[in-house]
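Let's walk through this structure together, one region at a time. Have the sequence and the 3D view open side by side.

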Amino acid sequence: MDLEKSPAERPAVPAEGCLTVAIRLPVRIVVLVLVVPVRMLWDALVVGGRFLRDTVLRPVGRVFQWVAWAVFVWPWVTLWRYAVVPVGKALAWLGYVLLVVPAVWMYETVLTPVGHAIAWVARGIGAGLMWALRGLGAGFAWVLRGIGAGFAWVYARVLTPVGRAVAWLLRGLGIGVGAVALGVYRVVAWLVRHLIVVPTLWLYEWILTPVGHAIAWAARGLGWLVRMIFTGIGAALYWTLRVLLVLPALALWRWVLVPVGRVLAVVAREVGDALGHAWRVAGHLSLAVGRFLGRLFRWIFVEPVRWVYRSVLTPVGHVVRDTVLRPAAEAARAVGRVTRQALATARESARQTRADIRRMLFGAPPEPERVPLAKHQREPGAVGTRTLGSSTTALTKD
């Protein structure tokens, strides 16, 4: 895709300086010399680790896994399957027979009739109490109506005239007390106005206001003076710090640190590129050396071992398989078959024993009633059925 682009669309390659070109070649040579042994050692360790993982660690791990399952998991699974589960089912059946069935019988035959009797008695007692409370309520209502009529007569004949007389007296007293209070209020207001308010206003306008203005003007002048003093001190400190610290630091950064940093950046970039290039070259060299050593190992060790396996061990193994292993496997399968048959017989005997015990305790289960079939669903009788010796056709009838 880059070849199809026009020269104007291709990205411009940045120009490299003489410092970069002068540093690149010696750095790459030194790094290549240092990296090649490290890369070959690394590849050797990788190959050895993979070989160790595939030939030693993985089989040993599978053996440990199988041993752990056989030692820790299989006994618990067997205990759960053949001991805990049957015992739990037996305990559940005993709990159902000894607790649930008697409790249901007690509830249906004893507690339910007793509860119905208690509810009937409670309903009768409640009806009697309601009748008695209704009679008592009617008596109390008659008494309360008589007491209310007496209180109404006392209120209309006695309390109302007395209340009206007391209200007339209180109204007269209120009018007199109000007139006296109004006169006293006007006298006190005139005295407060001419003895307190008027002198206070005159003191505020002619004494306190001019004094306050003078104090405010003096405070503004003092604030301006303090502000000018601090402004001068700040300016002097600013220029002192700028001349003594900022300008030297800026010159050091601009004329020393930046050029040195650029040189170090070029060196670091070239060292990184050299490390990557040397690592790739060392990888190719390590791959070639590894292939040579692999072929040498194959010619010296693998091919002879393969020939021995194909020419010697395989025929011997076939003979051992045909003469020893297959008969042993047949015998083991026969033993397993006999064992499974014995276990099936034992399970059937246990099932029959449980059925007999259940039948002795609870009786035989009721047989399902046979539902008569409809006329069109019934099978034909003996006369209408077809057999080999008879026929229903018109040609073969007797």
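Start at Asp-43, which counts as buried because its relative accessibility is 19% (buried is under 20% relative accessible area, exposed is over 50%, and partly exposed is in between, using a 1.4 Å probe and protein chains only). Asp-43 sits in helix H1; helices here are DSSP runs of H or I with at least four residues, strands are runs of E with at least two, and both are numbered from the N terminus.

Before going on, a word on what you're looking at. This is a predicted model, in which local features need pLDDT of at least 70 and side-chain atom pairs count only at pLDDT 80 or more, while totals for chains, interfaces and linings use all residues. Residues are numbered from 1 along each chain as its sequence is written, and side-chain values use heavy atoms, with hydrogens and water left out.

Back to Asp-43. What does Asp-43 touch, not counting residues up to four places away in sequence? The answer is Gly-283 and Ser-286, where contact means heavy atoms within 4.5 Å. Now look from the other side. Ser-286 is also found in helix H1, and with a relative accessible area of 9% it is buried. Leaving aside neighbours within four places in sequence, Ser-286 is in contact with Arg-39, Met-40 and Asp-43. With Asp-43 there is also a polar contact, side chain to side chain, at 2.4 Å. A polar contact is a pair of N or O atoms within 3.5 Å; within protein, one must be able to donate a hydrogen and the other to accept it, and residues adjacent in sequence count only if both atoms are side-chain atoms.

Is Leu-34 buried or exposed? Exposed, at 56% relative accessibility. Leu-34 and Ala-278 are 244 residues apart in sequence, yet their C-alpha atoms are 8.8 Å apart in space.

Ala-278 also belongs to the largest nonpolar core, a set of seven residues: Val-27, Val-31, Val-35, Val-36, Ala-274, Ala-278 and Ala-282. A nonpolar core is a set of buried Ala, Val, Leu, Ile, Met, Phe, Trp, Tyr and Cys residues joined through side-chain atoms within 4.5 Å. Take Ala-274 from that set: leaving out residues up to four places away in sequence, Ala-274 touches Val-27, Arg-28 and Val-31.

Now for the charged side chains. How many salt bridges does the count come to? Eight, taking a salt bridge as a side-chain nitrogen of Lys or Arg within 4 Å of a carboxyl oxygen of Asp or Glu. One of them joins Asp-54 and Arg-58, with the closest N and O atoms 3.9 Å apart. These two are four residues apart in helix H1 (residues 18–362), so about one helical turn separates them. Asp-54 is partly exposed, with a relative accessible area of 40%, and Arg-58 counts as partly exposed at 40% too. Arg-53 comes in as well: Arg-53, Asp-54 and Arg-58 are linked in a network of salt bridges.

Further along, Asp-322 and Arg-326 meet in a salt bridge at 3.4 Å, N to O. They are four residues apart in helix H1, so again about one helical turn lies between them. Glu-330 and Arg-333 form a salt bridge whose closest N and O atoms are 2.3 Å apart; this pair is three residues apart in helix H1, about one helical turn. Glu-330 is partly exposed at 47% relative accessibility, and Arg-333 is partly exposed at 43%.

Finally, zoom out. The protein chain's secondary structure comes to one helix and zero strands. Of the 398 residues in the chain, 4% are buried. Among contacts between residues at least 6 apart in sequence, 78% join residues at least 24 apart. The accessible surface comes to about 35100 Å², and 74% of that belongs to carbon and sulfur atoms; the areas come from the Shrake-Rupley method with a 1.4 Å probe, and for residues only the protein chains shown count as cover.
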